[in-house]
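Please look over the sequence and the model shown here before reading on.

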Amino acid sequence: NSLERMRRLMAQLRGGEAPVVSSAGVALPAVIERVRAAAAASGRSLQVQIVDRVVARGQEDRIERVVGHLVDNAFDACGSAESVTLLLSREGSEAQLVVRDAGHGMSPEFVSTRLFKPFTSTKAQGMGIGLYESRLYIQEVGGNMTVDSEVGRGTTVTVRLPLLDVGPSAARELYSVQ
């Protein structure tokens, strides 16, 4: 699986693969609950606040990978003793996911010039691919990702995704399947 993802990433870097855009509905609260359960299984405390139950456009497994990657990065930055927060809300016609940590943070120079570059990482063992791939996917579905960080104070990553406008019965179906 990792090898296949690396091949797809390398194809994207060479410009040889068209992005796959899906308008499938992704019930974000269900994704967040799975990410929280994975964190708990690793002995980590993910504090979750779901303000609005929203359905976003995208592919569920890819959005879950993005959210999971952001949460893992936050835990890596602040250590397992600290908690990480994840907030889900609706902002106009977009879902907003905010991942916040009180970790070591990053310099403004690193955020503005190197953070989203492939093969650049603040981690000793990091490859610098996860955040790059995550941002690419978020942009493919029409969303965006911003980072606010300060050395010694932590980092806040905000992801905005276009909402999928579904009626009440479709929303109930999406949430009952999750």
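The model is predicted, and its chain contains 6 helices and 7 strands, which, read from the N terminus, follow the order α-β-α-β-β-α-β-β-α-α-β-β-α. Of the 178 residues of the chain, 42% count as buried, while the accessible surface comes to about 9400 Å², with 49% of that area belonging to carbon and sulfur atoms. Among contacts between residues at least 6 apart in sequence, 70% join residues at least 24 apart.

The largest nonpolar core has 38 residues, and Leu-28, Met-145 and Leu-161 are the ones that touch the most other members. Helices H2, H3, H4 and H5 are among the elements that give two or more residues to this core, as are strands S4, S5, S6 and S7; the largest share, 8 residues, comes from H3. Leaving aside residues up to four places away in sequence, Leu-161 touches several residues, including Leu-28, Ile-63, Leu-97 and Ile-138.

The helices H2 and H3 also meet each other: their axes come within 10 Å and cross at roughly 45°, which means that H2 is oblique to H3. The crossing of H2 and H3 is right-handed, and the residues that make the contact are listed below by helix.

| Helix | Residues in the contact |
|---|---|
| H2 | Leu-28, Val-31, Arg-34, Val-35, Ala-39 |
| H3 | Glu-60, Ile-63, Glu-64, Val-67, Gly-68, Val-71, Phe-75 |

How values were computed: Residues are numbered from 1 along each chain as its sequence is written. This is a predicted model: local features need pLDDT of at least 70, side-chain atom pairs count only at pLDDT 80 or more; totals for chains, interfaces and linings use all residues. Side-chain values use heavy atoms; hydrogens and water are left out. A nonpolar core is a set of buried Ala, Val, Leu, Ile, Met, Phe, Trp, Tyr and Cys residues joined through side-chain atoms within 4.5 Å. Buried means under 20% relative accessible area, exposed over 50%, partly exposed in between (1.4 Å probe, protein chains only). Helices (H or I, at least four residues) and strands (E, at least two) are DSSP runs, numbered from the N terminus. Contact means heavy atoms within 4.5 Å. Accessible areas come from the Shrake-Rupley method with a 1.4 Å probe; for residues, only the protein chains shown count as cover. Axes are lines fitted to C-alpha atoms, for helices over the stretch in contact, and angles run from 0 to 180 degrees between N-to-C directions. Angles under 35 degrees count as roughly parallel, over 145 as roughly antiparallel, 65 to 115 as roughly perpendicular and the rest as oblique. A crossing is left-handed if the near helix is turned anticlockwise from the far one by less than a right angle, and right-handed if clockwise.
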